Amino acid sequence: MALSAQHQKALFSSPRAVLRAPTAAIGSVGPRSTVHFSSSFTGSSSSGGGGTHSRKTFDNNKSVSLTTGPEISRRGGGVIRMGLTEGGPTVAVVGVTGAVGQEFLSVLSDRNFPFRELKLLASNRSAGKHITFEGKEYEIQELTEDSFKGVELALFSAGGSISKKFGPIAVAQGTIVVDNSSAFRMDEGVPLVVPEVNADAMAHIKLSNKQGALIANPNCSTIICLMATTPLHRHAKVKRMVVSTYQAASGAGAAAMAELQQQTKEVLEGIPPTCNIFSRQYAFNLFSHNSAVTANGYNEEEMKLVKETRKIWNDDTVKVTATCIRVPVMRAHAESINLQFETPVDEHKAREILSSAKGVVVIDDREGNNFPTPLEVSSKDAVAVGRIRHDISQEGNYGLDLFVCGDQIRKGAALNAVQIAELLLS
């Protein structure tokens, strides 16, 4: 949807967009619940569809009340209050103590995902700790080969090695696994899904089938990119796409977010910065993405965007090139995207298409010089698109430039996975 400047300000100026430090390692999530966090930071929550919000500063070993507001409107405006229900599946969250694992819980609560039972799984270091979720206390269990007995749906975000080991074990026991790692994304027969883009790729998998299966969540940069470009691709077919990403600390996990906060403080105080996660100063700096550089000169993050785009669009002919940069932003990615089309599309038509695209918000105010920013989309579901303009280096209306921002933890990971899970219910 396209927003006026006034509505943009109202939507994107809520307290949720102000992030001062990382998602906590262990906490509790859900409407009107007590929240316990293991590290001090300023946190927030949202109902996702309006209502009241409250924000508190959380300190070590303290508990505060978090109110997210009334019922959430979803799926065409209907109000659904589900959550814990006998009719829902048994759900496991693997890697629950990580940044994405915590966001899984937040999104499950925000979207009132129905579940009969919830299992919270992590390493033996976290086993025995407790999380309060939607008013009920859960004990974190150690992830083992026996963890998936009776589990119908598992949301994985514990790293590729864990997924490779335990994903097939879960599937063999009848569990549908939605995996956030890169372990299975390019495997033939494993759907790689952005629900707004290619939900049909997983149409054959349903919870009602009572059969285990693997579904892969794409890389965060790919999700954010394709949310903005797919509506245009459907209209005019993209021949070539050039992407430059500006990726937040959250993409490297909660520890990287904490280190960015720590480094910022240290640099301002004239102290040599702590460099445990990255091998260089991150605060007040930017650098090429920290993934390994491959033989062709592209790093692994860049090649994910190339390969995943082709698989999701089911088009090996589309030409994609990417440059991925790590920037000192807490949790939302930005991307500069140049598109070349097979058939003409002008910027006015592009703006119209994107304004009606599901999960996309257009912020394109040239007069006010107001366009998407990572801060504005932090903790938001929608991907914001702006700087929509004709590529003057191309003849005719065959080229466009865009600037896109999206929350890496939310739509780039947890929200996309839960949306996949919602498709499994239908």
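His233 is buried, because its relative accessible area is 13%, below the 20% cut-off. This comes from a predicted model.

His233 sits in helix H5, which spans residues 220-236. Leaving aside residues up to four places away in sequence, His233 touches Val238, Trp313 and Asp315.

H5 lies across strands E15, E18, E19, E20 and E21. The helix runs at about 30 degrees to E18.

These strands belong to an open sheet. How many strands does the sheet have, and in what order? There are seven, ordered E16-E17-E15-E18-E21-E20-E19, and their pairing is mixed.

| Strand | Residues |
|---|---|
| E15 | residues 238-247 |
| E16 | residues 287-288 |
| E17 | residues 319-326 |
| E18 | residues 332-341 |
| E19 | residues 360-362 |
| E20 | residues 383-390 |
| E21 | residues 399-407 |

Which strands stand at the edges? They are E16 and E19. Each has a single partner strand, so one side of each is left without a neighbour in the sheet.

The partner of E16 is E17. Two bridges join them, and the two strands run antiparallel. Here Phe287 stands opposite Arg326 in E17.

A word on confidence. The mean pLDDT of the chain is 84, and 81% of its residues reach 70 or more. Over residues 9-81, however, the pLDDT is below 50. That stretch still has 188 contacts in the model beyond near neighbours in sequence. Where pLDDT is low, the predicted coordinates should not be read in detail.

Terms used. Residues are numbered from 1 along each chain as its sequence is written. This is a predicted model: local features need pLDDT of at least 70, side-chain atom pairs count only at pLDDT 80 or more; totals for chains, interfaces and linings use all residues. Side-chain values use heavy atoms; hydrogens and water are left out. Helices (H or I, at least four residues) and strands (E, at least two) are DSSP runs, numbered from the N terminus. Buried means under 20% relative accessible area, exposed over 50%, partly exposed in between (1.4 Å probe, protein chains only). Contact means heavy atoms within 4.5 Å. pLDDT is the predictor's confidence in each residue, from 0 to 100. Two strands pair if DSSP finds at least two bridges between them. Axes are lines fitted to C-alpha atoms, for helices over the stretch in contact, and angles run from 0 to 180 degrees between N-to-C directions.
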